[in-house]
Amino acid sequence: RVTDGSDGSVLSWNDPTHSQLTNPSQFGTLVLIDEVKLTTAIKGTPVIDGVADALWADATEIETDVWVEGTGGATAKVRTMWDANHLYVYAVVSDTLLSKASANPWEEDSIEVFVDQNNAKTTSYEADDGQYRVNFDNEQSFGGAASADTLTSATRVIAGTPATLLIDGAYIVEAAITLTEVMPQPGVFIGFDFQVNDDENGDGTRDSVAIWNDPTGQSWQNTSRIGVLQFVEFGRVYLPLVMRAYAP
């Protein structure tokens, strides 16, 4: 609550009666949540073929270690890169059994990338928000502003063999997402998250969902809890510079 001493006017965040000192019934609600994770994408232009270019060795690695559904199952280690028009993703997914038995693409063994280009963290999708899904067989599906026109992807099944640069896994997804509403440059932030869907026993039903940041399971329609990605040149985080002027 703020009171203007010059005229006595009062403004409150939630309580329209401004009676907080005597009546707490009109208080708003403060929800405590985990901190939003931040990752960085280095500058570079890889070839989208499911094989790790040497460029990927310098990219920051993140993991899908937040469980939206289930407490165990397929997970991924993920790296990101950017250039003038694209966000690039390279993911190695660990999965014990590959399945696309379901008619629903979100219940197949697949990954999903969520992008909020203006990082607005809104409770419903805006025109710049997209959901990009790719299964282990490189079949794509989309939500929001995402489409086949803005996604190029390649997959490679690697079950039982080491994945170059990263970890042992079941399949690799490499993707390029065209950014239409933001101009990538060092220091710019976008909303970003990465999810793994797992049909663990091959019966056509999704058994687990592991994600990097958002625990709500609503990333497909709500960007308010997805993580944050910053474009950097060589892996360095760019912090805002605050300048103050002082009178002599």
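The model is predicted.

**Positive phi angles**

- Most residues other than glycine have a negative phi.
- N119, a residue other than glycine, has a positive phi near 50°.
- N119 is placed in the loop between β8 (110-116) and β9 (129-135).
- H18 is not a glycine either, yet its phi is positive, at about 55°.
- The loop between β2 (10-11) and β3 holds H18, and H18 counts as partly exposed at 28% relative accessibility.

**Aromatic pairs**

- A pair of aromatic rings is described by the distance of the centres and the angle of the planes.
- The count of aromatic pairs comes to five.
- One of them is the tilted pair of W56 and Y90, with 5.6 Å from centre to centre and 35° between the planes.
- This pair links distant parts of the chain, 34 residues apart: W56 is in the loop between β3 (38-43) and β4 (61-63), and Y90 is in strand β7 (residues 86-94).
- W56 is buried, at a relative accessible area of 0%, and Y90 is buried at 1%.
- The ring centres of F192 and W212 are 6.0 Å apart and their planes lie at 55°, so this pair is tilted.
- F192 belongs to strand β13 (residues 189-198) and W212 to the loop between β14 (208-211) and β15 (227-231), so the pair ties together parts 20 residues apart in sequence.
- F192 and W212 are both buried.

How values were computed:
Residues numbered from 1 in each chain as written. Predicted model: local features only at pLDDT ≥ 70, side-chain atom pairs only at ≥ 80, totals over all residues. Heavy atoms only, no water. Phe/Tyr/Trp six-rings, centres within 6.5 Å; stacked < 30°, edge-to-face > 60°. Helix = DSSP H or I, 4+ residues; strand = E, 2+ residues; numbered from the N terminus. Buried < 20%, exposed > 50% of the residue type's maximum accessible area, 1.4 Å probe, protein only.
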